[in-house]
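I opened my notebook for a friendly walk through this one. Here is what I looked up, entry by entry.

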Amino acid sequence: MGFTARHLLGIESLSKDDILTILDLAEHYVTLNRQPNKHANALAGLTQINMFFEASTRTQASFELAGKRLGADVMNMAMQASSIKKGETLIDTALTLNAMHPDLLVVRHPHSGAVRLLADKVNCAVLNAGDGRHEHPTQALLDALTIRRAKGRLQRLSIAICGDIAHSRVARSNILLLGKMENRIRLIGPRTLMPSGIAEFGVEVFDDMREGLKDVDVVMMLRLQRERMDGAFIPSSREYYHRWGLDAEKLALAKPDAIVMHPGPMNRGVEIDGTIADDINRSVIQEQVEMGVAVRMAAMDLLARNLRANAGAGNDGGAWA
Amino acid sequence: MSDTLFTNARLIDPEQGQEIRGALLVTDGAIAAILPEGDKLPEAAQTIDCGGKVLAPGIIDIGVKIGEPGERHKESFRSAGRAAAAGGVTTMITRADTIPPIDTPETLAFVLERARDQALVRIHPLAALTKGRQGREMTEIGFLLDAGAVGFSDGDAVVTDNKVLARCLSYAGALGALVIGHVQDPGLSDGAAVTNGKFASLRGLPAVSPLAERMGLERDLALVEMTGARYHADQITTAAALGPLERARAAGLDVTAGVSIHHLTLNEFDVGDYRTFFKVKPPLRSEDDRAAVVQAVGDGLIDIICSMHTPQDEESKRLPFEEAASGAVALETLLPAALRLVHAGALDMPALFRALSFNPARRLGLPGGRLGVGAPADLVLFDPDKPFVLDRFRLRSKSRNTPFDGHRMQGRVLGTWVGGKRVFAWGKDDAA
């Protein structure tokens, strides 16, 4: 078994083997999830706490379902409404939770690096469900699984990531993962939404979406946050849609069998045309959601195995990482 | 007062740019004689054998933050004074960005009184340039000068209104007062936690272009040209700002520049996995910028090295990187960190003390900063080669937010004297 880490904080620290281990196990859970009886007991007796310091419906539901299907006791804490408002620091929150002896902590936080800060202070396994603009590892893993199932492989593909790269943790984790798996990555978007130093990432950057989409195998669209639309980073949503929105005409430049992905939730008519999102021959957006549950089951299963393997050594939580 | 004779020392004279072996005689708190090796030694009440180690003019550190008034739990005059003495800093030029800011003669008087009663080393305060550091109305620059302010600065609160700053510079210039500017364009710098580039993007942290520094500097230089003010740029940390600085000098503007020790010895990658003790203002730069700025210190284009000592308590640092406070303590680590530049061959010892002691004294009109007859006996004796591993919990500052925790360093202060009086002796209260 390749994957021995204590936490899943990002793609950056994963090896190719780690990634394949998680994806292979996820395939197993895809099968399970399609059966009438969807229960397994990999997390039986364990407690999973979902802490979302940033509003989320889809990711939180996905983690909750994944935990429940594996038999964990799952608790959701809506952190944006609770103690943070009372001035409690992240560290104090972590220590409070730690005293409740959770086994798996699923954390989303609006600041980059916050999940790692928290992981350093607790004894359980921590899953990063998105930290600021930094990483969103399970999203990249579910995207990888979706691509592998649709394309039959996860290497030597030409993949375009389009839109707000600068503010996107999904883009960062995907660039890291798809790069590790030896794919060609193209980034497409307005300059104001490109991160600095992007030339050093080993990717190709395109201002012109038509040029960038030429002959790609995968088109990965990103969500454009509403607060960035009006004049701050781009002049207007209609100008954005005209230049960087995915419509049938632009998609026609990609390979005929190119797939369309989106992490959701979509802004139809801003970054993607509604008919493309709904086109069952091109869009794998619903499949991404399905793979999300399976990948999260796999990740939590593996972390729980590592947790158990190390508990036997009388570990206090600090010695291995 | 009795005489003290320091024998068998490497004497660093930054004024002449030379190092000689010999002895130094202190009488009544001032340097009375420099005696090169071989000269006949006079009688003295006390003789200190320097054991062949380095004796240099004490460091004059521009821009030390002390938490009085307002944040004494982070640093007091007493704790900062002890830290300074242990670090070979004999004069602290304290910042005005306290709570409340030091923007009236009355608050300045409070600071001077606390300093006199509590601190082991000399203190000369800066005062705010504008009331409340708000960038709208100038402070009573004349009264503050009379009360003892050696310079005027709003710290990192940049005066954004050009007309306001022009008037401040004009008024201060007429009184001969030195104005210290923070040369980071405030709009571009707003919210930035690191310098932009691949590392910033990988970490997903809000970042600022290094060109924000050139923009801030060029704005200030134009206003200095307009008003004829005496001006010091607090920290020049990028290669892009060096050209404008050089041209301003060549044009005869009365402009000097400083740089913090952290920007000379660390780079952006040291932040690693969101280590907030490496969050400083401006943010740490690329290795190319660091190297260019070290070179500029060697060339004399950047005049002054400072600690930019900024104490922060654990609570303000144990936060997600974007939310964590900026700044690092450095009074005690300034000299050993600066000696890295000497050990690396980037500077020689006289050039280092030109930047640490001589230039700050000259710029502020203070009598210290040199080993010359008549100068106050503000001295630091240190072993430049002594290695040690820094343990932040042994620091004398109330706050322990140093980026050098666990670092191997070379250079140990053995003794510090202010006006001929010993204020620090290695080993007295220290374990190895």
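Contact, as I use the word, means heavy atoms within 4.5 Å. My axes are lines fitted to C-alpha atoms, for helices over the stretch in contact, with angles from 0 to 180 degrees between N-to-C directions. Helices (H or I, at least four residues) and strands (E, at least two) are DSSP runs numbered from the N terminus.

I note that this is a predicted model, where local features need pLDDT of at least 70 and side-chain atom pairs count only at pLDDT 80 or more, while totals for chains, interfaces and linings use all residues. Residues are numbered from 1 along each chain as its sequence is written, chains are lettered from A and ligands numbered from 1 in the order written, and side-chain values use heavy atoms, without hydrogens and water.

**Entry 1: the sheet in chain A**

I looked up the strand order and found an open sheet of four strands, β2-β1-β3-β4 of chain A, with parallel pairing; two strands pair if DSSP finds at least two bridges between them. On average, neighbouring strands here are turned by 15° against each other, direction ignored. Five bridges link β1(A) (residues 47–52) to β3(A) (residues 104–109), and Asn50(A) has Val106(A) as its bridge partner. Helix α11(A) (residues 285–311) packs on the sheet, touching β1, β3 and β4 of chain A, at about 150° to β4(A). Helix α2(A) (residues 58–69) lies across β1, β2, β3 and β4 of chain A and runs at about 180° to β1(A).

**Entry 2: Glu135(A)**

Is Glu135(A) buried or exposed? I find Glu135(A) buried (under 20% relative accessible area; exposed is over 50%, partly exposed in between; 1.4 Å probe, protein chains only), yet without a salt bridge. A salt bridge here is a side-chain nitrogen of Lys or Arg within 4 Å of a carboxyl oxygen of Asp or Glu. The nearest side chain of opposite charge, Arg203(B), is 7.0 Å away (Lys and Arg count as positive, Asp and Glu as negative; His and the chain ends are not counted). The Glu135(A) side chain does reach the backbone nitrogen of Ile11(A) at 2.7 Å.

**Entry 3: salt bridges**

My search of the whole structure gave 43 salt bridges over all chains. In one of them, Arg210(A) meets Glu249(A) at 3.4 Å, N to O. Arg210(A) lies in α7(A) (residues 209–212) and Glu249(A) in α9(A) (residues 248–251), so the pair ties together parts 39 residues apart in sequence. Arg210(A) is partly exposed at 32%, and Glu249(A) is exposed at 52%.

Conventions
A polar contact is a pair of N or O atoms within 3.5 Å; within protein, one must be able to donate a hydrogen and the other to accept it, and residues adjacent in sequence count only if both atoms are side-chain atoms.
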